Amino acid sequence: MRAARLIKMVLLLQSRHSMTAAELAQELEVSERTVTRDAQALSEAGVPVYADRGRAGGYRLIGGYRTRLTGLARGEAEALFLSGVPGALREMGLEDAASAARLKVSAALLPSLSDASRTAAQRFHLDAPGWFTEPKSPELLPAVAEAVWDDRRVTARYRGQEREVERDLEPYGLVLKAGVWYVCARVAQGGAFRVYRIDRFTAVKAGADRFVRDEEFDLPGFWAERAEQFARSILRAEVVVRLSAAGVRRLPYAVDPAAAREALAVAGTPDEDGWLTVTLPVESEEVAHSQLMGLGPEAEVLAPPSLRARFVDDVGRLGRLYGT
């Protein structure tokens, strides 16, 4: 446990010019007294850790000291190589940089861990696009990715539902969702954060100036919140459905899973035949018709009357088709 902490301390000091005892204690989750003892232990082991005294003091490495990554266990080394997703990196124009970084890390590893990149690649592969879709990288993705990495403002033309608009944006982060690339960006001059599909950009021009990032912005949290808002926003209609026990089990696989779970959670008790009636939010009557058809005889639509009429018509047509 202590050996891993000492290695982490050295790597922290390598990555930063100087750190106070309080900062190291917070990063290492120990007391400042433990930091002092660990720094002394590193110094005795030949690692040139220097302590600057005074209010502005701290710990730093002297003489350009660098350490080989000899503290990595096999599982840690393999997990490190999983951080590069080849397809996504290639689409963003970062494949060469990622390859060079992997070579440098490989060269720094112990000989016993030199095969970590190969063993990781044989145990995990990310295929981001959905089934039955042809993946297509947006033409302007590399330009957007470069602006994201460099914190540069961009002027982008975006094809909306009704017309094409131009926006000055501060691109904070990229998201790859089911084969579709999005950029989470703030409208320049302190505007709101929004999500844009990159394949709807018709032009992107990076500016000369950089923007200052909001350090409180959390990309995973922001995306999760917006994704949930989007999923709820498209559920604009409701249908009342009576479900058999099998229908209850299959409902989350036929419609939006979150909507199904919420509908089932507030439903009453099954009737005397064991069927459960639920009020289900759906995108539209048309979408509900195609989704609930997959439940077959395990679901009976009670409302709205127009949707029930569609199923009555389907039953009649199926009867005629199969001769009953």
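Predicted model: local features only at pLDDT ≥ 70, side-chain atom pairs only at ≥ 80, totals over all residues.

**Entry 1: a sheet and its helix**

I began with an open sheet of three strands, which run antiparallel in the order E9-E8-E10. Strand E9 (276-282) and strand E10 (299-303) each have a single partner strand, so one side of each is left without a neighbour in the sheet. From one strand to the next, I get an average twist of 35 degrees.

Next I checked the pairing of strand E8 (residues 237-243) with E9, and I found seven bridges between the two antiparallel strands.

Is Arg 242 buried or exposed? I looked it up: Arg 242 is buried, with a relative accessible area of 17%, because the cut-off for buried is under 20%.

Which salt bridges does its side chain make? I noted one with Asp 271, at 3.0 Å from N to O. That pair links distant parts of the chain, since Arg 242 sits in strand E8 and Asp 271 in the loop between H11 and E9, 29 residues apart. Asp 271 counts as partly exposed, at 32% relative accessibility.

I then turned to Glu 300, which also forms a salt bridge with Arg 242, the closest N and O atoms being 3.1 Å apart. Glu 300 lies in strand E10 and Arg 242 in strand E8, so this pair ties together parts that are 58 residues apart in sequence. Glu 300 is partly exposed, with a relative accessible area of 26%. Through shared partners, salt bridges join Arg 242, Asp 271, Asp 273, Glu 300 and Arg 308 into one network.

**Entry 2: another charged pair**

I also looked at Glu 164, which forms a salt bridge with Arg 157; their closest N and O atoms are 2.8 Å apart. Glu 164 is partly exposed at 34% relative accessible area, and Arg 157 is partly exposed at 30%. Searching the whole structure gave me 19 salt bridges.

**Entry 3: Val 175 and its surroundings**

I moved to Val 175, in strand E4 (residues 164-177). Val 175 is buried, with a relative accessible area of 12%. What is Val 175 in contact with, leaving aside its neighbours within four places in sequence? I listed Val 180, Trp 181, Tyr 182, Cys 184, Leu 219 and Trp 223. I also noted that Val 175 and Pro 220 are 45 residues apart in sequence, with 9.0 Å between their C-alpha atoms.

Leu 318, Leu 321 and Tyr 322 make a nonpolar surface patch of about 380 Å². Leu 318 belongs to helix H13 (residues 305-322). Leu 318 is partly exposed, with a relative accessible area of 43%.

**Entry 4: the whole protein**

I finished with the totals. The protein has 13 helices and ten strands, and buried residues make up 31% of its 324 residues. Among contacts with a separation of 6 or more, 62% come from residues 24 or more positions apart. The accessible surface comes to about 20700 Å², and 53% of it belongs to carbon and sulfur atoms.

Conventions: Residues numbered from 1 in each chain as written. Heavy atoms only, no water. Pairing = 2+ DSSP bridges. Helix = DSSP H or I, 4+ residues; strand = E, 2+ residues; numbered from the N terminus. Axes fitted to C-alpha atoms, helices over the stretch in contact; angles between N-to-C directions. Patch = residues over 30% accessible without salt bridge, like charges linked within 9 Å, V, L, I, M, F, W, Y side chains within 5 Å. Areas by Shrake-Rupley, 256 points an atom, 1.4 Å probe, with all protein chains shown as cover. Salt bridge = Lys/Arg side-chain N within 4 Å of Asp/Glu carboxyl O. Buried < 20%, exposed > 50% of the residue type's maximum accessible area, 1.4 Å probe, protein only. Contact = heavy atoms within 4.5 Å.
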